[in-house]
Amino acid sequence: MKQLLAPLLFILNASFASAVQAEPARKLVTIASGSDQGIYFQVASEICRLTSAKKAQHGYRCGVIPTDGSEENLKLLLAGEVDFAIIQSDTLYFAAKQHPEQFIGVLATHAEPLTIVTTPDSEIHKAMDLNGKTLNIGSEGSGTNTSLKRLAANVDWEQKPELREENSWEAFETLCLGEIDAFAAIIGHPNRLVNRTSKRCDIQFVSVNSAALVDQNGKLPPYLMPGVIPGRLYRGNKEKTPTVSFSANLVTRKDVDPAYVQAVAEAVFSQQKTFGKNITAYANIFRSFETMTGSAVVIPLHPVIAKMK
């Protein structure tokens with residue numbers, strides 16, 4: 001009997017080993033996002049949900065890494081500690097200028113309108129009405145703070161606004177108390193901070209004329225696009241407000257395995273119409289292949305994505 005069993009066991013073990021070797025390796029792809037209370041984290045979680053749902057096809061799971069936002073995401077991506085990162089368009093644009101051989105675009109996930117909130121009695125209706133007013137631009141080092149300082153420096157003010165650098169969650173309190181005239185944020189909508197402010201006091205949005213920010217050739221900077229703050233999302237604001245928008249870009253490094261890019265991109269594009277269903281800032285989510293891979297992506301697209309177009 002032993003003589004009969006030995007060859008059989010050998011065959012079974014060899015078959016099992018071959019099956020294990022034939023099965024694709026289960027790997028984890030990672031996305032640097034933002035605060036676990038913020039939109040970048042939600043967007044990355046949605047991408048990972050869609051990617052992991054197809055792991056039987058491509059063999060990859062997807063994990064979200066919470067961070068402090070775009071600046072930290074850049075550092076993690078450059079250091080090779082993550083495979084993908086979500087980065088605000090202007091931050092990405094200037095980083096790519098510094099590291100031209102490092103970053104490559106995958107897709108744009110959503111628009112981030114420049115949102116300036118004031119009160120109806122402030123007499124601030126358009127951006128140039130901020131002349132000499134007190135404007136909170138978020139805490140120093142935040143994405144909004146850096147971006148708004150860059151924008152404000154290119155505006156021909158009669159009298160520059162007095163810039164405050166308070167945490168955004170403190171700004172809604174100081175606005176309603178009349179201690180500042182307005183606060184600005186670069187955010188998707190609907191937004192909890194703005195909603196909370198509208199419940200505390202009456203608010204209105206300040207329009208931003210994108211034409212005021214164009215260059216000599218009549219073009220906006222590559223990281224900006226005309227945008228709107230949708231109406232009927234907040235108490236007392238039924239009409240949409242024109243502004244400019246940044247975009248959130250999903251990017252990777254040029255040395256990341258193209259199979260990772262293929263897996264993530266196909267998972268999102270195959271379900272683009274339902275992309276964002278679990279995201280609170282649903283009004284600004286991109287849901288078409290053309291928009292996701294168009295001018296909202298501020299650096300060259302990965303060859304894997306370019307072949308899909």
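Buried means under 20% relative accessible area, exposed over 50%, and partly exposed in between, computed with a 1.4 Å probe on protein chains only. The model on screen is predicted, so local features need pLDDT of at least 70 and side-chain atom pairs count only at pLDDT 80 or more, while totals for chains, interfaces and linings use all residues. Residues are numbered from 1 along each chain as its sequence is written, and side-chain values use heavy atoms, with hydrogens and water left out.

A disulfide is a covalent bond between the sulfur atoms of two cysteines. Here the term is applied to a pair of cysteine sulfur atoms within 2.5 Å. Two disulfides turn up in a search of the whole structure.

Select Cys48 and Cys62. Their sulfur atoms are 2.0 Å apart and form a disulfide. Cys48 lies in helix α2 (residues 39-52) and Cys62 in strand β2 (residues 60-65), 14 residues apart, and the pair links distant parts of the chain. Helices (H or I, at least four residues) and strands (E, at least two) are DSSP runs, numbered from the N terminus. The torsion about the S-S bond of Cys48 and Cys62 is about -50°, so this disulfide is left-handed. Cys48 is buried at 4% relative accessible area, and Cys62 is buried at 13%.

Next, select Cys176 and Cys201. A disulfide joins them, S to S 2.1 Å. Cys176 is in helix α7 (residues 168-176), and Cys201 is in the loop between α8 (192-200) and β8 (204-205); the two are 25 residues apart, and the pair links distant parts of the chain. With a torsion of about -65° about its S-S bond, the disulfide of Cys176 and Cys201 is left-handed. Is Cys176 buried, partly exposed or exposed? Cys176 is partly exposed, because its relative accessibility is 22%. Cys201 is buried, at 14%.
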